Amino acid sequence: FAVGNYSYAKDNDTDGSSQAGGGALGYVWTLDSGHSVQLCPMVGVTAQAGSLVGMTPYANDPQNTLDWNFGGSLGWIASQSSSLSIIPAIGASLVARSYQAKIVTLGAPNPTISQSFGLMTATIGFVFNKRWTISPMVQVPFSETNGKASYGAGISYNFDLGKALHM
């Protein structure tokens, strides 16, 4: 499978804002004969630019961030009918992050700092008519300096290209 994303963040208390985009590739392994439990390893990349992207060298200075993400998730069908499926999933990944300041700071042009940390993810997908999915989620970093939990929601549409390719 392939995933793409775009996000925009704005801090209402400051002039800070940032934009991000990225993508991921993964594979779905079905672990049981009923197709109700799946393991999905994946690799992804996200690039972010703006003043809300990190702590290097100071918060709220313009900078770029590049994240490489290696991990996967385990999901299962908790409930299913003809019009609604409820699919919880948990995941873990290793993130390799690089911050690069966009300004000269302390005499060093474009200082860069790298770090690695883990990321735990939990979500519940509500799949409507096997096409539309709404999935609230929480992500919790571990071993990250100043890491905080983040919350979000995703909306996706299943084009089911597998059937289209096997006509």
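A: The structure holds one salt bridge, a term for a side-chain nitrogen of Lys or Arg within 4 Å of a carboxyl oxygen of Asp or Glu. The model is predicted: local features need pLDDT of at least 70 and side-chain atom pairs count only at pLDDT 80 or more, while totals for chains, interfaces and linings use all residues. Residues are numbered from 1 along each chain as its sequence is written, and side-chain values use heavy atoms, with hydrogens and water left out.

The partners in the salt bridge are Arg-97 and Asp-67, whose side chains meet at 2.7 Å, N to O. Arg-97 belongs to strand 7 (residues 84-101) and Asp-67 to strand 5 (residues 63-76), and the pair links distant parts of the chain, 30 residues apart. Strands here are DSSP runs (E, at least two residues), numbered from the N terminus. Side chains of opposite charge can pair when their charged atoms come close. Arg-97 is buried, at 16% relative accessibility, and Asp-67 is buried too, with a relative accessible area of 14%. Buried means under 20% relative accessible area, exposed means over 50%, and partly exposed lies in between (1.4 Å probe, protein chains only).

Leu-25, Val-43, Leu-66, Trp-68, Phe-70 and Leu-94 form a nonpolar patch on the surface, and together they have about 560 Å² of accessible area. Such a patch is made of residues with over 30% relative accessible area and no salt bridge, with nonpolar side chains (Val, Leu, Ile, Met, Phe, Trp, Tyr) joined within 5 Å and, in charged patches, like charges joined within 9 Å. The areas come from the Shrake-Rupley method with a 1.4 Å probe, and for residues only the protein chains shown count as cover. Strand 5 gives the patch its largest share, three residues. Leu-94 is found in strand 7 and is partly exposed, at 47% relative accessible area. In a regular strand the side chains alternate between the two faces of the sheet.

Gly-75 is another residue of strand 5. Gly-75 counts as buried at 13% relative accessibility. Leaving aside neighbours within four places in sequence, Gly-75 is in contact (heavy atoms within 4.5 Å) with Ser-36, Val-37, Gln-38, Pro-88 and Ala-89. Its C-alpha lies 8.1 Å from that of Cys-40, although Gly-75 and Cys-40 are 35 residues apart in sequence.

The loop between strand 3 (29-30) and strand 4 (37-50) holds His-35. His-35 is not a glycine, yet it has a positive phi of about 60°. Most residues other than glycine have a negative phi. His-35 is exposed, with a relative accessible area of 52%. Lys-130 also has a positive phi, near 60°, and lies in the loop between strand 8 (112-128) and strand 9. Lys-130 is exposed at 51% relative accessible area.

The bridge partner of Gly-4 in strand 2 is Gly-23. Val-3, in strand 1, is in contact with Gly-22, Gly-23 and Ala-24 once neighbours within four places in sequence are left aside.

The structure holds three aromatic pairs. One of them is Tyr-27 with Trp-29, an edge-to-face pair at 5.5 Å centre to centre and 75° between the planes. Rings of Phe, Tyr and Trp (its six-membered ring) pair if their centres lie within 6.5 Å; planes under 30 degrees apart count as stacked, over 60 as edge-to-face and the rest as tilted. Tyr-27 is partly exposed at 48% relative accessibility, and Trp-29 is partly exposed at 45%. Tyr-157 and Phe-159 form an edge-to-face pair as well, with ring centres 5.0 Å apart and planes at 75°. Phe-159 is exposed at 62% relative accessible area, whereas Tyr-157 is partly exposed at 35%. Ring pairs link Trp-132, Tyr-157 and Phe-159 into a cluster.

Terms used: Helices (H or I, at least four residues) and strands (E, at least two) are DSSP runs, numbered from the N terminus. Two strands pair if DSSP finds at least two bridges between them.
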